[in-house]
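Subject: Structure handover

Hello,

Please find the structure below. My notes on what was found in it come after.

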Amino acid sequence: MPELAQVVVDVPTMQTNQPYTYQIPPKLEKQIQVGVRVIVPFGKGKRTVQGFVVAFDKASQYEGELKPIQAVMDLQPVINSELMNLSKWLADTTYSFWISCLYTMLPNLLKAKTTRIIRIVDEVDEHIAFDIFHGRDELEMAEVQDKPAILSELFKLQKEGKITIEYQVEDRAKAKTVTGIRALLNFEQLEDERASLHANAHAQNRLLSYLQSIGSQVVKQKDAEHKTGLKAATFNQGQQKGWLEKTPVEVYRQPLAMQGPPDDAHLAAPLQLNADQQNAVNQINQAIDNHDPKVFLLQGVTGSGKTEVYLQSIANALHQGKTALMLVPEISLTPQIVNRVRRRFGSKVAVLHSSLSNGERYDEWRRIERGEAQVVVGARSAIFAPLTNLGLIILDEEHESSYKQDESPRYQAREVAKWRGKYNQAPVVLGSATPSLESRARAVKNVYHLLRLPHRVNKQELPPIEVVDMRDEIKKYGESNFSQKLLTELNDRLQKNEQSILMLNRRGFSSFMMCRDCGNVLKCPNCDISLTLHMDTRTMKCHYCGHEEPIPRECPNCHSHQIRYYGTGTEKVEQELHQLLPQARIIRMDVDTTRRKGMHAKLLRQFGQHQADILLGTQMIAKGLDFPNVTLVGVLNADTGLGLPDFRASERTFDLLSQVSGRAGRANKQGKVIIQTYNPDHYAIQDAKTHDYEKFFDQEMMLRRQASYPPYYYTVRLMASHPEEAKAARAMADIYGRLKQGLLSSTVILGPTPRAIARMKRRYYYQIVIKYKKDPYLHQLLFDILQDTQSRGFKDVQVSIDPDPQYFM
DNA sequence: AGCACGCCGACT
DNA sequence: GTCGGCGTGCTC
């Protein structure tokens with residue numbers, strides 16, 4: 001019998017990034033298991049924190065006295081043994097805290113929230129009682145946190161012993177409940193009650209019969225009212241007379257995307273597969289059946305029926321009594337895919353939306369954990385879904401950079417998928433029309449198994465793409481976001497009552513403000529970037545820190561009134577389009593119009609029902625949409641991404657153009673794509689034009705090899721920041737010295753350089769990028785650097801490490 | 001993170 | 001002489 005528990009506490013620092021040993025009090029012995037959350041005393045005073053039991057122990061080599069665990073939060077482990085193992089691996093490979101990894105795997109609701117409560121325990125004078133405590137005897141620390149004068153008074157009182165500060169860990173996991181009823185009397189007793197009723201008490205009589213019919217079951221009161229036709233008042237009478245009691249019943253919240261309960265009686269049948277699809281399904285199924293943790297790269301052009309391959313493989317996994325996990329990028333963006341999975345597998349499906357409320361997310365998570373759902377569809381973090389007996393993992397659009405989390409723990413869902421595949425002896429399917437260079441290169445080396453779907457299911461040709469040189473356009477017709485060619489085509493679609501999609505590449509390039517007289521650009525006071533104009537709120541906003549200020553009437557620098565907007569935002573394009581095509585109905589989709597929950601789906605539904613002729617949006621419209629009436633796709637500025645100082649710029653541009661091209665002419669109508677660009681000869685644009693992934697791959701691989709970038713080299717990015725620029729620079733120079741000394745000479749160290757946005761949130765950032773093929777010293781050295789920069793000589797310096805970064809700016 | 005300990009400067 | 005600044009180190 002274990003007497004001691006190893007607990008990882010919720011104190012995310014490098015120094016506490018280890019299990020601590022605690023005693024298990026006899027009365028908690030039965031409840032404590034590996035993977036449950038516990039409350040433990042930690043440090044001096046009455047401080048308690050939440051933690052996870054990660055192991056049991058018989059003895060401890062710790063010299064001091066061991067403290068006992070104070071409370072257990074869960075009846076069942078919230079982290080199963082697979083996820084426990086995974087969390088360790090994750091912390092190690094992403095250079096992050098174990099505790100952060102554990103929390104990352106759980107729905108938000110299970111995260112600890114500690115509040116500090118100040119309580120009066122002795123007489124205090126009136127000023128304190130009324131001005132600070134408002135006549136109550138307790139106060140939340142958060143209320144006075146930023147008031148130093150009050151704080152110092154409080155500390156004095158604490159020393160005098162007149163107030164205490166208590167720590168409270170509150171559990172936010174609250175199952176949603178509705179009122180239920182249960183009979184308190186048995187059949188005979190209820191019959192006796194009936195005898196004493198007035199002859200005309202029909203309602204009560206009916207209630208008694210109903211209670212007799214339900215036996216000892218708990219029934220939702222709403223259902224009971226519905227069934228009996230009785231009013232709530234009658235149930236209250238029954239409660240008063242001691243016939244029944246009210247008790248909460250747990251219900252699952254109905255997430256927005258699943259409105260209407262799934263109809264298991266009318267599930268959609270599998271579609272007929274073509275030869276390529278069948279071959280892919282066969283190979284995947286064979287791996288499922290043989291418990292072969294192979295990685296497949298399913299490369300299929302848009303419209304080639306990848307989804308059907310996923311669905312039939314999932315069906316096979318279920319048939320084998322296993323579960324399946326399917327990731328899609330930013331799920332809220334593709335309700336069409338989610339619905340398709342739900343129509344096929346009904347109530348077996350759990351959906352982990354990024355836009356679910358915490359409560360909804362928790363409910364879905366519970367359904368998975370309890371084994372009530374066997375198929376999970378979700379965005380990045382769904383890779384941690386607590387499915388047991390996994391038989392198949394699918395990543396759709398595997399090249400998407402959103403599979404990498406850009407805050408700690410900086411994990412790549414693709415890598416986590418491979419880890420879980422191996423652990424469960426289950427295959428992983430990476431699907432894409434334009435695989436990442438890394439994945440495709442692995443397929444070339446037979447590390448991954450390549451499956452191809454070269455033909456579109458409807459046998460239709462990919463739409464022709466026309467590239468318009470905007471340099472010529474501007475010379476001939478002056479500055480505009482719309483070429484003559486594109487306008488002609490848009491007009492043509494309006495005439496034919498067909499729809500168009502217009503994509504503007506990147507929100508970041510929307511309007512900034514510049515003074516024509518002095519050239520002053522309005523910048524964020526916290527960050528080193530220009531503010532962006534937002535017409536909806538009539539403010540200037542910073543996209544990095546959220547700073548917001550009113551639109552200036554005059555230049556803050558020279559007080560000139562000659563200020564104007566530059567650049568192109570979706571709003572501005574929408575205005576221009578209204579002028580050029582007054583009769584067109586336009587739906588604009590960007591971060592601003594879709595911020596509200598459910599707006600995204602709503603706008604798409606409107607467009608699908610042809611309530612608009614043109615869908616104008618940012619990248620978010622490039623993915624997964626399938627509207628049969630869309631016959632024209634226009635990309636307004638194809639090359640905004642190309643100029644970025646990032647080795648993946650070409651790859652992203654190629655992916656984006658290929659993807660948005662696939663939106664045109666998906667049904668029986670011929671589609672057309674127009675790409676406007678200032679770099680018509682760039683290979684990324686030329687290869688997208690000819691739908692030639694292979695050519696692009698070869699060209700890009702050559703460049704990557706020449707410049708020693710992935711997939712030929714691995715990369716790690718190291719960032720350091722400080723409120724003072726010189727200190728950030730000095731810390732980075734220090735780190736550089738250690739790297740230079742500790743790493744192999746074949747390892748390339750780039751930098752340190754100020755980051756492209758050198759100042760963010762009032763801190764200065766510097767970065768180093770390390771390129772390596774194999775360096776046995778790197779991993780440990782990076783951990784040492786993290787450790788050391790936590791303490792001596794690096795005051796206020798924040799260091800973070802980003803393995804395999806997606807962006808370099 | 002939060003807290004105590006401890007070592008320096010500036011005040012009742 | 002003491003109060004309080006924050007640099008340093010520890011939390012089972």
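Chain A has 24 helices and 33 strands; both are DSSP runs numbered from the N terminus, helices being H or I with at least four residues and strands E with at least two. This is a predicted model, in which local features need pLDDT of at least 70 and side-chain atom pairs count only at pLDDT 80 or more, while totals for chains, interfaces and linings use all residues. Residues are numbered from 1 along each chain as its sequence is written, chains are lettered from A and ligands numbered from 1 in the order in which they are written, and side-chain values use heavy atoms, with hydrogens and water left out.

Of the 809 residues of chain A, 52% count as buried. Buried means under 20% relative accessible area, exposed means over 50%, and partly exposed is in between, for a 1.4 Å probe and protein chains only. Among the contacts in chain A with a separation of 6 or more, 74% are between residues 24 or more positions apart; a contact means heavy atoms within 4.5 Å.

Empty space

Rolling a probe the size of a water molecule over the atoms shows where empty space is left. The work is done on a 1 Å grid over the protein atoms alone: a cavity is a set of points where a 1.4 Å probe fits but cannot get out, a pocket is an open set with protein on both sides within 12 Å along at least five of seven lines, and lining residues have an atom within 4 Å of a point. Grid points are joined across faces, edges and corners, and a volume is the space filled by probe spheres set on the points.

How many cavities of 30 Å³ or more does a search of the whole structure find? It finds one. The largest cavity has a volume of about 60 Å³. Its lining consists of Met513, Met514, Cys515, Asn520, Val521, Leu522, Pro552, Pro556 and Ile563. Strand β21 (residues 512–515) gives the most to this lining, with three residues. By class, eight of the lining residues are nonpolar, one is polar and none is charged. Here Ala, Val, Leu, Ile, Met, Phe, Trp, Tyr, Cys and Pro count as nonpolar, Asp, Glu, Lys and Arg as charged, and the others, Gly among them, as polar.

The second largest pocket holds about 1200 Å³ of space. Of the 40 residues that line this pocket, Glu415, Lys418, Arg442, Tyr714 and Asp804 lie nearest its centre. At least two lining residues come from each of α1 (81–94), α14 (413–424), α15 (437–444), β30 (714–722) and α24 (778–788). The largest share, seven residues, is from α14. The lining divides into 22 nonpolar, six polar and twelve charged residues.

A pair of helices

Two packed helices are described by the angle between their axes and the distance between the axes. The axes of α11 (residues 306–319) and α12 (residues 335–345) come within 11 Å and cross at roughly 35 degrees. Axes are lines fitted to C-alpha atoms, for helices over the stretch in contact, and angles run from 0 to 180 degrees between N-to-C directions. On the α11 side, Thr307, Glu308, Leu311, Gln312, Ile314, Ala315 and Leu318 meet Ile337, Arg340, Val341, Arg344 and Phe345 of α12. The residues of this contact divide into seven nonpolar, two polar and three charged.

Two buried residues

Ile284 is in helix α10 (residues 275–289). Why does Ile284 count as buried? Ile284 counts as buried because its relative accessible area is 1%. Not counting residues up to four places away in sequence, Ile284 touches Phe296, Val309, Ser313, Leu392, Pro427, Val429 and Leu451. Ile284 and Val429 are 145 residues apart along the chain, and their C-alpha atoms are separated by 7.9 Å.

Glu398 is in the loop between β16 (390–395) and α14. Glu398 is buried, with a relative accessible area of 0%.

Backbone details

A cis peptide bond joins Ser408 and Pro409, with omega about -5 degrees. Pro409 lies in the loop between β16 and α14. Another cis peptide bond joins Gly751 and Pro752, with omega about 5 degrees, and Pro752 is found in strand β31 (residues 748–760).

Regards
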